[in-house]
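Biologist: I would like a close look at a single part of this model, with the terms spelled out as you go.

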Amino acid sequence: MRQWWVALLVLACACSRSAADHEELGDRAYTAGDYRSALAEYQLGIKAHPGSASLDEAADGLQRVVRAALGANDRGALASALTGLREIAPARPLGRSATLAALDAVDRGDTATALALLPVATAATVDPARSDSLLYVYGMTLVRVRACSTAVPVFEGVIWRKRAPVVVESAREGLGLCALVEGQLALEAGRPADAEDWFRRATAPGASPDVVRAAFLGLGDVRLAQGDIAGALESYQQALVGGTPGDTIAQRAQEKINSLGKAEPE
């Protein structure tokens, strides 16, 4: 029986020391220049005692990893450390490091990290034009994961504020692309009226020519679903305008026209 109590006491002591031990191991790894191991130890320390006073020490360790990873150009450690800091110490300023890590994640196609860090980078930026430029990148990253319901107000804000002229027109294109995606989703969900509204938004000035043509293709499908054959043909014809023979949109539009028994006009 006595052995059982001794074992329990040892286990309790080990648990109570675990967070501090991880922080010490993290400090040692950091001193040795092993930033990934340091990061892993600090994160284990946080998990061992979430909500304890040791969080501040762990956050200090993560911030040291951020600075060191920047100097060593260790992009993976930088992104992970910033993500950890954002979770346990959201009030800590991250500054330029968040921007660098966020844009690097975008370049690497790491959308999850980019979506986590871009809002942080935007909030840490004092230059309004730079802030809107980052918001545009955030919007385009949302488009990649088809989160257009979130991206639309982001693009609209960039366009309305006009604080970053270099990305305003690009934001209009992003907004048109999102409207096209939302229209397609609405049409697939059996909501032609909503789809029509989105497709019309996708034909607004500023949208790219291919997005406009694809939107007319979608409008043709809406008209067809409503039984308006003449309206569908007119929209399909507009989808052909500006295209080249054999391009995907022109090909689909022509197929739809042919299926309705109409030949392409001369």
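Biologist: In which helix is Thr113 found?

Modeller: This is a predicted model, in which local features need pLDDT of at least 70 and side-chain atom pairs count only at pLDDT 80 or more, while totals for chains, interfaces and linings use all residues. Residues are numbered from 1 along each chain as its sequence is written, and side-chain values use heavy atoms, with hydrogens and water left out.

Thr113 is found in helix 6, residues 111–124, where helices (H or I, at least four residues) and strands (E, at least two) are DSSP runs numbered from the N terminus. With a relative accessibility of 15%, Thr113 counts as buried; buried means under 20% relative accessible area, exposed over 50%, and partly exposed in between, with a 1.4 Å probe and protein chains only. Leaving aside residues up to four places away in sequence, Thr113 touches Ala79 and Ala105, a contact being heavy atoms within 4.5 Å.

The axes of helix 6 and helix 7 come within 9 Å and cross at roughly 155°, which makes helix 6 roughly antiparallel to helix 7. Axes are lines fitted to C-alpha atoms, for helices over the stretch in contact, and angles run from 0 to 180 degrees between N-to-C directions; those under 35 degrees count as roughly parallel, over 145 as roughly antiparallel, 65 to 115 as roughly perpendicular, and the rest as oblique. On the helix 6 side the contact includes Thr111, Ala114 and Leu115, and on the helix 7 side Ser131, Leu134 and Leu135 are among the residues involved. By class, the contact of helix 6 with helix 7 has 10 nonpolar, four polar and one charged residues, where Ala, Val, Leu, Ile, Met, Phe, Trp, Tyr, Cys and Pro count as nonpolar, Asp, Glu, Lys and Arg as charged, and the others, Gly among them, as polar.

Helix 7 (residues 128–144) also packs with helix 9 (residues 165–188), at an angle of about 20° and with their axes 10 Å apart, so that helix 7 is roughly parallel to helix 9. Among the residues that meet there are Tyr136 and Met140 in helix 7 and Gly174 and Cys178 in helix 9.

Cys178 is also joined to Cys148 by a disulfide, S to S 2.5 Å, the term covering a pair of cysteine sulfur atoms within 2.5 Å. Cys148 lies in helix 8 (residues 148–161) and Cys178 in helix 9, so the pair ties together parts that are 30 residues apart in sequence. Cys148 is buried at 0% relative accessibility, and Cys178 is buried with a relative accessible area of 0%.
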